[in-house]
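The sequence and structure are shown first.

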Amino acid sequence: MYRNIEEITGKRTSLSIGCLKAMNGDIIIDKEKILERWAEYIRELFKDDRKDYNIMKNNFEGPPIMKEEVETAIKKMKHGKATGPDNISVELIEALEDFGIGKVTHLLNEIYDTGQIPTDLSKSIFIALPKKPGATECELHRTISLMSHITKILLKIIMLRIRSKIKAEIAEEQYGFVEDKGTSNAIYILRTLIERALEVQKDVYLCFIDYTNAFDRVRHDEIIKQLKQLNIDGKDLRIIKTMYWEQTAAMRIENKTSTFQDIKRGVRQGCVLFSDLFSLYSEIIMRNLENHTGIKVGGQNINNLRYADDTVLIAENKEDLQKLLNIVEEESRKKGLELNSKKTELW
């Protein structure tokens, strides 16, 4: 209804203007050169000197993938989603009924047992969505990853197997990607905390932190290191490592695709595992705040609230707030994340 109203009133505007800026600032309108610019941007954005983290000491154990697990994973997937490079949709697999489920189960077990992922299943297609109308710079676009639905089924099975171990590591302060929690809960907690402080005439200092391309700067070797410490099955760990080390991606504009580039860092938005892996990654950073003063409510010390990568630091005075900010900045830098000073605000 709202879309039709915008079309009738003429308020709907085009998100893309069909051109892009080169690195030197020149405007590019040629489609081939625009694709080259996107390939260049992807290569630079995901470039990293990552270490080839050795997991060979792990016992490559793990129960075989059951047919019921495949069926459960398919049921949890949404319909009408764009396909990856292989053009195989989850609706097609469902249409094949028991035959399709059996074939997919056999394929996934071969991948699971050998740790080798077919090239088509490790490729992704990026779709650029402008953050604001008329965006002409690559940085002003959000890249969504289109992956093979077969890959999504495999990763969803692994996610369901390891989620309980990851969930146990996530602190109560995290409200993003957590069941039965959301932004409304975090806002309510923050408002209540401020009201309680005002009632007893205490000052509250807040620092809202914003990261620069947080999801795209996660280091793969750090992810594998953290997962290894959770003692997940060796085969699950091997699949995740192989998927991240062998992944490539290309940008698609209309019906044309750029050259594929190696992705050496980041958790892709569109990947089944990205929310759980990022929550675990950021949790390690924020644990360094556990013993530092924030504001006490009912005898409990609270110094931060989070929704995914959006974080607010809380303290009773500027000095304590500065200490919290310094710790977060230092630990984030160690993990490859950079604070966006333009969007980080103090209240």
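## Overall form

The protein chain has 347 residues, for which a compact globule would have a radius of gyration near 20 Å; the value of 22 Å agrees with this. The radius is taken over C-alpha atoms, and the globule rule is 2.2 Å times the number of residues to the power 0.38. This is a predicted model, in which local features need pLDDT of at least 70 and side-chain atom pairs count only at pLDDT 80 or more, while totals for chains, interfaces and linings use all residues. Residues are numbered from 1 along each chain as its sequence is written, and side-chain values use heavy atoms, with hydrogens and water left out.

Along the principal axes, the C-alpha atoms occupy a box of roughly 65 × 55 × 45 Å. Of the 347 residues, 46% are buried (under 20% relative accessible area, 1.4 Å probe, protein chains only). Among contacts (heavy atoms within 4.5 Å) between residues at least 6 apart in sequence, 73% join residues at least 24 apart.

## Strand pairing

The chain contains 12 helices and 13 strands, which are DSSP runs numbered from the N terminus (helices: H or I, at least four residues; strands: E, at least two). Strand β5 (residues 205–209) has the antiparallel partners tabulated below; pairing requires at least two DSSP bridges between two strands.

Notes:
Buried means under 20% relative accessible area, exposed over 50%, partly exposed in between (1.4 Å probe, protein chains only).
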